[in-house]
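Here is a short briefing to read alongside the model. Take a moment with the fold first, then follow the topics below.

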Amino acid sequence: DATYVVPEGWTVNVNFENRADLPHSAIVVPQEAVNQQQLPEPLFEGASTEDPQAGLTGSTQFSFTAGEAGTYALACGVPGHAASGHWIIFEVASSDAQAAFQTGG
């Protein structure tokens with residue numbers, strides 16, 4: 001029940017840290033893709049950790065431009081992880097919107 005909101009056109013800098021023993025990753029994909037066992041390529045150039053299907057342990061960084069307004073998912077790209085619930089909403093809002101992190105009740 002979490003949502004990241006960023007204005008369209010913003011450069012998004014992600015500090016990804018996996019504290020689990022199993023590999024995980026992060027990738028921005030269409031929200032409807034989270035039910036698939038294998039996720040598609042990232043929606044925006046650079047919008048994923050390196051090799052999101054393999055995942056990683058430890059930490060990394062990546063950056064991308066939120067190029068088109070819409071509601072997407074920031075998901076784990078390791079096969080089956082997003083379908084098991086490893087994702088949150090990533091919303092690219094109008095360019096005059098405020099960046100925010102929101103959690104549901």
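This is a predicted model: local features need pLDDT of at least 70, side-chain atom pairs count only at pLDDT 80 or more; totals for chains, interfaces and linings use all residues.

A residue counts as buried when its relative accessible area is under 20%. With that cut-off in hand, Phe 64 and Phe 90 are both buried.

**Overall fold**

- The chain has seven strands and zero helices, so its pattern along the sequence reads β-β-β-β-β-β-β.
- With a radius of gyration of 13 Å, close to the 13 Å that the globule rule gives for 105 residues, the chain is as compact as a globular protein of that length.
- The C-alpha trace spans about 40 × 25 × 25 Å along its principal axes.
- Among contacts with a separation of 6 or more, 69% join residues 24 or more positions apart.

**Surface and burial**

- Of the 105 residues in the chain, 38% are buried.
- The accessible surface comes to about 6100 Å², and carbon and sulfur atoms account for 44% of that surface.

**Aromatic pairs**

- A pair of aromatic rings is described by how far apart the centres are and by the angle of the planes.
- The structure holds five aromatic pairs.
- One of them is formed by Phe 44 and Tyr 72, an edge-to-face pair with 5.5 Å centre to centre and 90 degrees between the planes.
- This pair links distant parts of the chain: Phe 44 sits in the loop between strand S3 (27–30) and strand S4 (58–65), while Tyr 72 lies in strand S5 (residues 70–75), 28 residues apart.
- Phe 44 counts as buried because its relative accessibility is 8%, and Tyr 72 counts as buried at 10%.
- The rings of Phe 64 and Phe 90 have their centres 5.8 Å apart and their planes at 55 degrees, so this pair is tilted.
- Here too the pair links distant parts of the chain, with Phe 64 in strand S4 and Phe 90 in strand S6 (residues 87–93), 26 residues apart.
- Ring pairs join Phe 44, Phe 62, Phe 64, Tyr 72 and Phe 90 into a cluster.

**Nonpolar cores**

- In soluble globular proteins, nonpolar side chains tend to be buried together.
- The largest nonpolar core has 15 residues, and the members that touch the most others are Val 12, Val 28, Phe 44, Phe 64, Phe 90 and Val 92.
- Strands S2, S4 and S6 each supply at least two residues of this core, and S2 gives the most, with three residues.
- Beyond its neighbours within four places in sequence, Val 12 is in contact with Val 6, Phe 62, Ser 63, Phe 64, Ala 66 and Phe 90.
- A second, separate core holds eight residues, including Val 29, Ala 33, Ala 73 and Ala 75.

**The setting of Ser 25**

- Where does Ser 25 lie? Its place is in the loop between strand S2 (11–18) and S3.
- Ser 25 counts as buried because its relative accessibility is 5%.
- The side chain of Ser 25 reaches the backbone oxygen of Pro 52 at 2.7 Å.
- A polar atom of the Ser 25 side chain also lies 2.8 Å from the backbone nitrogen of Gly 77.
- Leaving aside neighbours within four places in sequence, Ser 25 is in contact with Phe 16, Thr 49, Pro 52, Gly 55, Ala 75, Cys 76, Gly 77 and Val 78.

Methods. Residues are numbered from 1 along each chain as its sequence is written. Side-chain values use heavy atoms; hydrogens and water are left out. Helices (H or I, at least four residues) and strands (E, at least two) are DSSP runs, numbered from the N terminus. The radius of gyration is taken over C-alpha atoms; the globule rule is 2.2 Å times the number of residues to the power 0.38. Buried means under 20% relative accessible area, exposed over 50%, partly exposed in between (1.4 Å probe, protein chains only). Contact means heavy atoms within 4.5 Å. Accessible areas come from the Shrake-Rupley method with a 1.4 Å probe; for residues, only the protein chains shown count as cover. Rings of Phe, Tyr and Trp (its six-membered ring) pair if their centres lie within 6.5 Å; planes under 30 degrees apart count as stacked, over 60 as edge-to-face and the rest as tilted. A polar contact is a pair of N or O atoms within 3.5 Å; within protein, one must be able to donate a hydrogen and the other to accept it, and residues adjacent in sequence count only if both atoms are side-chain atoms. A nonpolar core is a set of buried Ala, Val, Leu, Ile, Met, Phe, Trp, Tyr and Cys residues joined through side-chain atoms within 4.5 Å.
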